Structure formats: structure tokens, C-alpha cells
Amino acid sequence: MQYAYSFEDGCEDRSLLGNKGANLVTMTRLGLPVPPGFVVSVEAWREYKHSGKLPAAEIEEALSSLEKRCGRKLGDLAVSVRSSAPVSMPGMMDTVLDVCERERVIEAVGTVFESWDNPRAVEYRRLNSIPADIGLAVVVQAMVFGNRDERSGTGVVFTRNPSSGERGLFGEYLPRALGEDLVSGRVTPQAIEALRARLPEAYRELEQVGQTLEKHFCDMQDIELTVESGRLYILQTRSGKRSGGAAVKMAVDMAKERLLSREDAILRVTPDDLRSMIHRHIEAPERFKPLTRGLNAAPGAATGVVVFDPQEAVVRAKKNEDTILVRPDTSPDDILGVSAAKGVLTSRGGLTSHAAIVTRAMGKPSICGASELKIDLKREQFEVNGQTVKKGAVITIDGNTGYVYLGALPLAEGETKPEFLQLMEWADGLRWIGIFGNADTAEAVAQARRFGADGIGLCRTERQFNSPQALAAIREFILAEGKEEMSRALGRLRQLQKDDFVSIFKALRGLPIVIRLLDLPLHEFLPRETQESDPRLRERLERLIEVNPMMGHRGVRLAITSPEVYRMQVEAILEAKREVEADVSIMVPQVITLQELLWVKGIAEGSGLKVGVMMETVRACMRAGKLAQVADFFSFGTNDLTQAVYSFSREDAEKKFLSTYLEKGILQDNPFQILDEKGVGRLMETAIDWARAEKPDLVIGVCGEHAGEPRSIGAFYRMGLDYVSCSAFRIPVAKLVAAQTSIKEKRAHRTRLKMITSRS
Ligand code: PEP
Ligand code: MG
């Protein structure tokens, strides 16, 4: 077994030499000015862990050939001994510098190996899920001195700007100093242009080195350099960390420079990169300690004063004051406050709660289910981890990550720059799954269109009852007694709905839309009966109370008992269509049986509207073949379907026990967030098989919250769904992931084919 590899003849295997070691080997091969050295491999670390022995003879042999290459003996020659892990663990392990004796080098290798298990490194691995057995190599390298004379110095450069992505060297230079002076932050360095002014030759050479490395690694590099008496040395290179915006710009630019293919450019960008580019975000959030964390329910970041009363958010907004509305949860009653606040923070509820759905549709940041918050509405304060935050205190919420911070943090605006549009155009050309938007208002439709949605896949009509008049009208309908009251209420609703549809159809500008007929969770729309002073209404409210409203008188069930509701909606759609032409389909929620679908088809007869089924009950999945015979399309409602498959209330599970399931590892993921492929996914696959056996060209999509979640999109692609429909702000990420999935599947397919052809 070989344990020591010189930079000249080492392999480039990262798992054996670590990142630093492998990159030094690569740079030496490329003929770049790297001080000579060798790597003591991960295998040596394994042996050391096992037997406590270091390969002393091999290290000594490598040292003597290093001396020969340098033409100097240790003593005249000093070496550095540094860690080189296969996964970046910056600053976690020990470094030994200036080693000048034969025995001290071996000792230093042992010291660095030992530091793999120091508490700092162990904690870092735990936090970043890095397995402990990947191990560690050690780099022993001839030292060069940036503090030798006036023509010496040290620096760190990126080959492109890591914040903006602009091409060209970006970094810092410290004349007459050692690398440690720069890293420690004790001295303020100058911009790298200082090197150009002092030593133009060395700067030019550095530019060339940067280009060579970018070309080789096809990525932006973060390079450590030292200049010793005018001579440039490169000590290290690695792929540089970058902001989301820079990642997008670099990927697009590199594809245009032909450093990357378009496909590789798409694979290079992560959903987080895209999210932080297009949404407002906290600048360098790692500098700040969060107060607590909840679910990242709607993207973006906001700062404002804490208010608990929705009405107060409205009053303060009129005075141009920014607020964060903090509530245990929200209901349609709070809608004006939600709309007036800059962001919403709730201690209860999950990703499908009222607050989450409404803020996502409004494009407003929100964090839901921050269960550590103890909210006291009477005293207008909340407590979290021993800290009390009162009304009027300033907080910042980051809906991209779910973190809550005390104080006003620096925020950076999201932008849709040309490189973003270019990336989306390439993604559109490479994906084949349709990306639709969920939108209930004209503004949300316009936003989905701006992000290039293929259509609107879910317009939840009950979410249009947000204004006080609309809320009053829907309550009047729910509480109506007798034909006269009912038809008066329906008349008002019809006018409101028609007006909404007209503005939505205008915003569509030719995009198709799927309008879901009413799926009223009654409890969300009614005042609490205890707050009602009118005894007649109180009595009516009491009669309407359901023990399990989410499994109660909602969806198509309401249309079976009161068909005039869906009739009113179909008429409102047709009236609006007469004013503004639109490609409209309707969709029936909560279907369990063919008879319900036929019933609604009867209501819509003659309307010319296509009628689809929301597949969100287990029975609908079991009867998929039968339903497919009559339905024009299917759309899986994975929020309700997950609720049904798990028998977990989507409203209560996240506030009560789900977090404990996740903490204890009983469940790996929150099934309301990430599609449960093994349970819900299998049920969907079965339903798809049965449906397509009846009607091979049936269009099938998904419109639950999972439709915008990166991992779940991969699963939907593999199931053969035609489209995913997610909230407008998730469309760019959905497009990116859809394209990435297509590319990966195509490549996997090619690899399989190659295996067959090479076998034959
Ligand atoms: C669903 O159940 O997945 C769905 C989209 O409908 P809603 O969330 O409105 O119940
Ligand atoms: Mg549903």
C-alpha cells in the first residue's frame, strides 16, 4: 500500500488525497507555479486510526526527494503541514507551519490526523452530515514567504466576483505578509489591484493562472497565492462559494463562453441559488443568530415591528409603518391585516395552513408553525427561548429559510436579471413537464405569467372571498335559511365571482386556466359562534359546527346538497367569458365516486367547459379507471391526499406531533412538504396506471403544495405526470428542477444504453 504521493506523480483521487491534495496535484500537472510537496493519503489516516502508526519511512523518503527538488535541506527549507479532507471543512483541523526538522514533520502529520477528532471538527461534521469515516489526508509542502521583502506578499482571489458573478479577478492582497496575517483579519488588506500596481508581471501571470484553472475545472476558483521576491506561487485552489445571483450569472456566462454546456449550466444552479436571487433575502445571514425557526411557508424576507392585532397592521400600514403580523394562526377574518403587514409569523399550522396559502398567493414572506413561540395575545407579546418580544419590537423574518431574527437585518432585493431570463429560457427548452401556476387573483395570475407559467393549474375560488364584502357575502350564503335568503346571497356571490373572473381572464392574456369549483372549509369562513350576539345566528352556527371540518361538508359534497352553488359559479364563469375570451376548464374537488362527477357534469352541461377531477381522496384513486372514462383531466391534490393516506389532519399534525416524529427520526420528512413516494406516491402511480389503461391520453397533473418542491418534482416526472402546478413564486425553481430532472433522466438512459452496446 502506498501512503505518500508527490505532487508530480500523485493521482487526482479526492477520496484518497482530499480536495486540497488532489487540486495541488492537478495544478502541478497543469504546469502552474506550485511549491513542491507531497500528500500523506487518507489510507495512511485509516492505518493510523487502526494501529496508531504513521508511515514514517515513506514520509522520510518523500521528504528527501522534496529536498532534492528544492535543492535545499530541511533547516534551510521549511515545510507546512496542512489537512486535506475529501469534503471542505474550512478551518476545522490543525495546521503546523514552519517545520524545519526531520522527526517534527512526522509528528506534525500525527497532530493533523489527531485534529480530525477535535470537538470543533466533530461538531462541524455533525451539523453538515459529513460521515466521520471519509477520513483525512495531509499535505506537506515547501513553504514560500510572503513577508520576505518589499516584492513579496500574500493574497486570495476569486476568478469571478462571488457576489455579482462579473468576470475578472476579485480579491485581496497584503504586501509583505504571510497568509495567516490575511486569514486572521488582524490587518486590513488591499484590493487585488494593489498587486497589479506593485508587480504587474506577477498580476498578469495570476490572471493566466485563473483562466487555466477555470478552463480545467469549468468553474469559478478561489485561489490562495503568495509572491516571494516577485515570484508568484499558487498554494491552493477550490471552487469558490458564491451568492445565488452570482451562481446564475456564472453558469449562464460560462455556457456562453463554452466552458460549460447549457445542460451543465442548468445542473450547476441550485434551487436555493434561484430562490435567493429572485426573492428579497438577508445579506450574509450566517453573521446573525436566529431567535427561532419555523416552516419556510412563503419566500422572501421582511423586517417590521411586531403587531398581534390584524387591525393594527392595517392602521400602521396607512402611516407607512412596516409590520410583521404575529398570530397563533390566521383565518379569513385576518385577511386585511395579512395584506397590510410586510410578513406573517404564526406559531401554529403548516405549509397548507390558511396563512401559508394566502401569503404565498400574495407573494408575501411568511413563517408558519414556529412552535417555540409562546404567544400571549392579551399582553401583546411572545416568548421564545427565554426571551420576551413585545409589540413594537423590530424583527426580521426570512421566509426562504424559516428563520426569525430580532432587529432589522440588512436585506437585499430579489432581481430577475437577463441571466435569469436566459436560464429560464434554456430550462424551458430542456424540460417536457408542464409548469403551471396556482393563482386565485389577477395579481397572482400576472406574476405567474411573468415567471413564464404554461397556464394556471389551480384557481381556488373560495380564496377569492378575501375582501370584507366578499366575506360577508359568503357568510350570508352559508347562513342563509330558506330559498329567498339563499337566492339573494347567491346573486351577490355571482356578481362578485364574475367580476373576479373578468379581471383574472384579462390577466391571463391567452394562458389556459383551471378553475376549481368551491371547496369551502366552512369553519374557516364562519365567525366563532361565541362571538355572535344574534341568538338566531348563534343557533344556526351551532348547527353548522363539525367535529372534523376538513373531512366534513366541503368540496363537491356541498354541491350535492346545494347544487345551486356550482350552478352559480358556472354561470359566473360563462358571463365573464362573454366579456373576456379565455380558455377555461373547471375542476371538481373532493370527488369519491363517478356519480358525483356525473352530477357536476350535469350542472355544467351545455357550458362547453372541460370538467376535471381533483384526485385527493383515496377512493377517487381506487376508482381512477372509472373516473377517467368521464373526466377530461385529473389533477392530484396531494395536500388532502396526504392527509387521507396518513390519517393525519393537515391542520393539526404539524402543530401537535409531526415535529416530534421528525426529531425522533420516526419519519424522515414532513409528508405535507415532501411527497411521500412510498405511500402517497404509490397510490398515485396505481391511480395513474388504472386511469391511463382506460384513457391513454388523459392529461394528469398535480396541484398540491408538493408541486413546487424540488425533490417531489423529480418523483412526479418519473410517474409520467403532464404538469405540476405550484404557487406563482415557486415557478422558477419548478422550471429549473424540471429541466434538471429531464437532463439527468436522459443521461441515465444513455448510460444504460451504453452498457448494452458495450456488452454486445
Ligand atoms: C390539495 O388538497 O392538494 C389542494 C390543492 O387543495 P386544497 O389545498 O385547496 O385543499
Ligand atoms: Mg384539497
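Apart from its neighbours within four places in sequence, Val 384 is in contact with Leu 291, Thr 292, Glu 372 and Leu 373. The model in which these contacts are found is a predicted one. Val 384 belongs to strand E19, which runs over residues 381–384, and with a relative accessible area of 1% this residue counts as buried, because the cut-off for that class is under 20%.

**Val 384 and Glu 443**
- Val 384 and Glu 443 are 59 residues apart along the chain, and their C-alpha atoms are separated by 36 Å.

**Helix H20 and its cover**
- Helix H20 spans residues 535–544, and its buried residues are Leu 537, Arg 540, Leu 541 and Leu 544.
- When H20 is viewed down its axis, these buried residues fall within an arc of 100°, and they therefore line one face of the helix.
- The cover over the buried residues of H20 includes helix H17, made of residues 468–479, and helix H19, made of residues 522–525.

- In the case of Gly 637, a backbone N or O atom lies 3.4 Å from an oxygen atom of ligand 1.
- On its own, ligand 1 has 290 Å² of accessible area, and the protein covers 98% of that area.

**Asp 117 in its loop**
- Asp 117 lies in the loop that runs between helix H4, residues 104–114, and helix H5, residues 119–127.
- Buried, exposed or partly exposed: which class does Asp 117 fall into? At 39% relative accessibility, Asp 117 counts as partly exposed, because that class takes in values between the limit of under 20% for buried and that of over 50% for exposed.
- Leaving aside the neighbours within four places in sequence, the residues in contact with Asp 117 are Lys 49, Val 122 and Arg 125.
- Between the C-alpha atoms of Asp 117 and Met 92 the separation is 9.8 Å, the two residues being 25 residues apart along the chain.

**The chain as a whole**
- The protein chain has 31 helices and 31 strands, and along its principal axes the C-alpha trace spans about 105 × 70 × 50 Å.
- Of the 760 residues in the protein chain, 55% are buried.
- The accessible surface of the protein chain comes to about 33000 Å², and 49% of this surface belongs to carbon and sulfur atoms.
- When contacts between residues at least 6 apart in sequence are considered, 67% of them join residues at least 24 apart.

Definitions and conventions. Residues are numbered from 1 along each chain as its sequence is written. Chains are lettered from A and ligands numbered from 1 in the order in which they are written. This is a predicted model: local features need pLDDT of at least 70, side-chain atom pairs count only at pLDDT 80 or more; totals for chains, interfaces and linings use all residues. Side-chain values use heavy atoms; hydrogens and water are left out. Helices (H or I, at least four residues) and strands (E, at least two) are DSSP runs, numbered from the N terminus. Buried means under 20% relative accessible area, exposed over 50%, partly exposed in between (1.4 Å probe, protein chains only). Contact means heavy atoms within 4.5 Å. A polar contact is a pair of N or O atoms within 3.5 Å; within protein, one must be able to donate a hydrogen and the other to accept it, and residues adjacent in sequence count only if both atoms are side-chain atoms. Accessible areas come from the Shrake-Rupley method with a 1.4 Å probe; for residues, only the protein chains shown count as cover. The arc is that of the directions from the helix axis to the C-beta atoms.
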